[in-house]
Amino acid sequence: FQPHRYTRTQALFAEFLTAFAQADALLVTDIYPASEEPIPGVSGEALCDGVRREGHPDARFIPEFDAIAAHLAGKVKRGDVILTQGAGSVWKAGEALLKRLREGRPDGRG
């Protein structure tokens, strides 16, 4: 999940804390700012920390898309469903994961 805009993340923070409760695993990236300036205390990492405090068993903050792809490539199995959600560039994480899997190099090495 890539939060979109600092103001939106701040306004919906409480709702986001439980929005992913049914997901087996959640990876949170940095906020896609859409030209907004950062707001102190509002970040993807803070959101992920809050989701974990609400009891999610597997929520992780991984800010970079290549690192997300590497993490997932080592874990996904046939039949798994991976969703990328956000209004920004988070689709790049899915593309990077597919590339790794097609090339048969889940750990990122040749």
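Ala, Val, Leu, Ile, Met, Phe, Trp, Tyr, Cys and Pro count here as nonpolar, Asp, Glu, Lys and Arg as charged, and the others, Gly among them, as polar. On that scheme, the lining of the largest pocket divides into 15 nonpolar, five polar and six charged residues. The model is predicted: local features need pLDDT of at least 70 and side-chain atom pairs count only at pLDDT 80 or more, while totals for chains, interfaces and linings use all residues. Residues are numbered from 1 along each chain as its sequence is written, and side-chain values use heavy atoms, with hydrogens and water left out.

**Largest pocket**

- The largest pocket holds about 720 Å³ of space; a pocket is an open set of points on a 1 Å grid over the protein atoms alone, where a 1.4 Å probe fits, with protein on both sides within 12 Å along at least five of seven lines.
- Grid points are joined across faces, edges and corners, and the volume is the space filled by probe spheres set on the points.
- The lining comprises 26 residues, a lining residue being one with an atom within 4 Å of a point.
- Nearest the centre of the pocket are Ala 25, Leu 26, Val 81, Ile 82 and Leu 83.
- At least two lining residues come from each of strand S1 (26–28), helix H4 (65–73) and helix H5 (91–102); helices (H or I, at least four residues) and strands (E, at least two) are DSSP runs numbered from the N terminus.

**Helix H5**

- H5 has twelve residues and spans 17 Å from its first C-alpha to its last, close to the expected 16 Å, where the expected span is 1.5 Å times one less than the number of residues.
- Ala 93, Ala 96, Leu 97 and Arg 100 are the buried residues of H5; buried means under 20% relative accessible area, exposed over 50%, and partly exposed in between (1.4 Å probe, protein chains only).
- H4 is included in what covers the buried residues of H5.
- Gly 104 follows H5 and has a positive phi, near 65 degrees.

- Buried in H4 are Phe 65, Ile 68, Ala 69, His 71, Leu 72 and Ala 73.
- The buried residues of H4 pack against S1, strand S2 (59–61) and H5, with contact meaning heavy atoms within 4.5 Å.
- Leu 72 counts as buried because its relative accessibility is 15%.
- Neighbours within four places in sequence aside, Leu 72 is in contact with Leu 27, Ile 82 and Leu 97.
- The C-alpha atoms of Leu 72 and Tyr 6 are separated by 26 Å, the two residues being 66 residues apart along the chain.
- Ser 89, in the loop between H4 and H5, counts as buried because its relative accessibility is 17%.
- With neighbours within four places in sequence left aside, Ser 89 is in contact with Gln 2, Tyr 32 and Phe 65.

- Most residues other than glycine have a negative phi.
- Arg 5 is not a glycine, yet has a positive phi of about 70 degrees.
- Arg 5 sits in the segment before helix H1 (6–11) and is partly exposed, with a relative accessible area of 25%.
- Ser 35, also a residue other than glycine, has a positive phi near 70 degrees.
- Ser 35 lies in the loop between S1 and helix H3 (44–53) and counts as exposed at 73% relative accessibility.
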